[in-house]
Amino acid sequence: MTPAPPYSMLAELTHRCPLRCPYCSNPLELKGRAEELATEEWLHVLGQAAALGVVQLGLSGGEPLLREDLEVLVSRARHLGLYSNLITSGVGLSEARARELADRGLNSIQLSIQADEAGLGDRIAGRRAHALKTAAADAIRAAGLPLSMNLVVHRLNIDRLGEMIDLCAEWGAEELELANTQYYGWALRNQAELMPSREQLKRAESVFQAKRAQLDGTLELVWVVPDYHEELPKPCMGGWGRISLTVGPSGLALPCPAAESIASLRFDSVRDHELAWIWASSPAFNAYRGFDWMAEPCRSCPRREIDFGGCRCQAFALTGDATRTDPVCKLSPDHHLVGSAVTTAERRGSHGPVLASSDLRRLTYRESRID
């Protein structure tokens with residue numbers, strides 16, 4: 001059965017980034033500049049994406065502002081009728097460049113922050129960046145572009161959730177995604193330092209609900225479920241190869257941004273195959289579509305049409321087998337792996353640590369690369 005066309009595509013233009021966030025969603029093995037798709041290759045991919053049926057385009061990284069051809073790609077996206085959203089740390093976004101991107105047809109910008117004040121934010125980011133983010137928010141507003149924001153929530157900042165939401169409202173954000181940390185790659189390495197306790201999450205959810213009511217009509221708040229603390233898995237990315245795809249810096253096409261971590265699959269490159277073939281016919285994209293691949297308890301579970309067995313990347317990261325039930329599920333034979341991580345977080349207590357030198361040494365920061 002031919003799958004429906006994807007609604008959105010995430011173009012990870014580069015893994016280069018000036019920040020060193022310990023929860024970074026990029027893979028542990030970062031692609032260098034020499035491996036990145038060239039401008040003409042990306043232009044070809046965008047054309048194929050539009051022909052395939054993609055209507056929303058995310059321009060991400062690493063830090064996409066490090067691509068000197070970003071404006072060219074934005075222009076092509078506009079020409080193809082794609083809604084383009086730049087996903088950025090804001091480091092390097094001047095008012096002049098924001099205006100140029102707007103003039104070229106960029107539709108919106110999502111700006112990330114690490115905390116509401118410079119001391120904590122800079123230490124989480126691994127460099128002095130908070131002031132640059134403030135300037136970036138000013139530049140986005142001056143360019144007349146819609147501003148959405150993203151905040152990865154974890155033990156080190158969760159107790160300041162209210163202040164962080166207020167800052168985003170002050171900066172004029174229209175939407176704020178409160179992305180509770182997903183434990184893949186770098187975040188999985190730092191899980192013990194990043195995972196909040198149940199009490200912290202309970203307080204944070206109360207703050208979220210109060211702020212959502214207070215800011216209704218001004219700032220839309222989106223709460224990404226902290227699934228390690230749930231009993232049932234979420235339908236990760238809307239299901240494997242169902243509504244979206246990712247193209248990485250070197251051209252690998254993936255069903256989700258973290259899928260490259262599944263070592264048991266071979267992913268095809270847009271340098272070797274057309275995007276339409278990869279989406280509809282490649283073995284990797286078809287590996288976990290439908291239900292035939294499922295083992296018990298998923299195969300006979302009525303929720304299989306709701307959560308599609310949960311996250312394949314999470315199953316592989318925790319068990320080494322991407323076909324197993326997502327260990328977040330209370331019915332999974334591997335649920336104890338998640339329970340153990342939650343127990344460790346509980347033992348740490350209900351307050352985030354002061355980021356002293358000893359705390360920083362316990363974090364594994366991703367590599368910072370700008371060339």
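**View 1. Tyr183 is a buried residue, with a relative accessible area of 4%, and pairs with Tyr228.** Everything in these close-ups comes from a predicted model. Tyr228 counts as buried too, at 3% relative accessibility. What is the geometry of the pair formed by Tyr183 and Tyr228? The ring centres lie 5.1 Å apart and the planes meet at 65°; planes over 60 degrees apart count as edge-to-face, so this pair is edge-to-face. Take a moment to trace the chain on either side of the two rings. Tyr183 sits in the loop between strand S6 (175–180) and helix H7 (185–189), while Tyr228 sits in the loop between strand S7 (220–224) and strand S8 (244–247). The pair therefore ties together parts that are 45 residues apart in sequence.

**View 2. Trp240, Tyr288 and Trp293 are linked into a cluster by ring pairs.** Look here at Tyr288 and Trp293, which form an edge-to-face aromatic pair. Their centres are 5.2 Å apart, with 70° between the planes. Are these two residues buried or exposed? Both Tyr288 and Trp293 are buried. For the model as a whole, the count comes to 5 aromatic pairs.

**View 3. Helices H2 and H3 cross at roughly 25°.** H2 covers residues 70–79 and H3 covers residues 95–104, and their axes come within 8 Å. Angles under 35 degrees count as roughly parallel, and H2 and H3 are therefore roughly parallel to each other. Their crossing is right-handed. Which residues meet here? From H2 come Leu70, Glu71, Val72, Val74, Ser75 and Arg78; from H3 come Arg97, Glu100, Leu101 and Arg104. Sorted by class, this contact has 4 nonpolar, 1 polar and 5 charged residues.

**View 4. Helices H6 and H9 cross at roughly 30°.** Here the axes of H6 (residues 161–170) and H9 (residues 198–214) come within 9 Å. H6 and H9 are therefore roughly parallel to each other, and their crossing is right-handed. On the H6 side, the contact is made by Leu161, Gly162, Ile165 and Asp166. Ala204, Val207, Phe208 and Lys211 are the partners from H9. By class, the contact of H6 with H9 has 5 nonpolar, 1 polar and 2 charged residues.

**View 5. Gly61 and Gly62 are joined by a cis peptide bond.** What is omega for the bond between Gly61 and Gly62? Its value is about 15°.

**View 6. Glu296 and Pro297 are joined by a cis peptide bond.** Omega for the bond between Glu296 and Pro297 is about 10°. Where does Pro297 lie? Pro297 is in the loop between helix H11 (283–286) and helix H12 (304–307).

**View 7. Phe308 has a positive phi although it is not a glycine.** Most residues other than glycine have a negative phi. For Phe308, phi is about 55°. Phe308 belongs to the loop between H12 and helix H13 (312–319). Is Phe308 buried or exposed? The cut-off for buried is under 20% relative accessible area, and Phe308, at 16% relative accessibility, therefore counts as buried.

How values were computed
Residues are numbered from 1 along each chain as its sequence is written. This is a predicted model: local features need pLDDT of at least 70, side-chain atom pairs count only at pLDDT 80 or more; totals for chains, interfaces and linings use all residues. Side-chain values use heavy atoms; hydrogens and water are left out. Axes are lines fitted to C-alpha atoms, for helices over the stretch in contact, and angles run from 0 to 180 degrees between N-to-C directions. Helices (H or I, at least four residues) and strands (E, at least two) are DSSP runs, numbered from the N terminus. Angles under 35 degrees count as roughly parallel, over 145 as roughly antiparallel, 65 to 115 as roughly perpendicular and the rest as oblique. A crossing is left-handed if the near helix is turned anticlockwise from the far one by less than a right angle, and right-handed if clockwise. Contact means heavy atoms within 4.5 Å. Ala, Val, Leu, Ile, Met, Phe, Trp, Tyr, Cys and Pro count as nonpolar, Asp, Glu, Lys and Arg as charged, and the others, Gly among them, as polar. Rings of Phe, Tyr and Trp (its six-membered ring) pair if their centres lie within 6.5 Å; planes under 30 degrees apart count as stacked, over 60 as edge-to-face and the rest as tilted. Buried means under 20% relative accessible area, exposed over 50%, partly exposed in between (1.4 Å probe, protein chains only).
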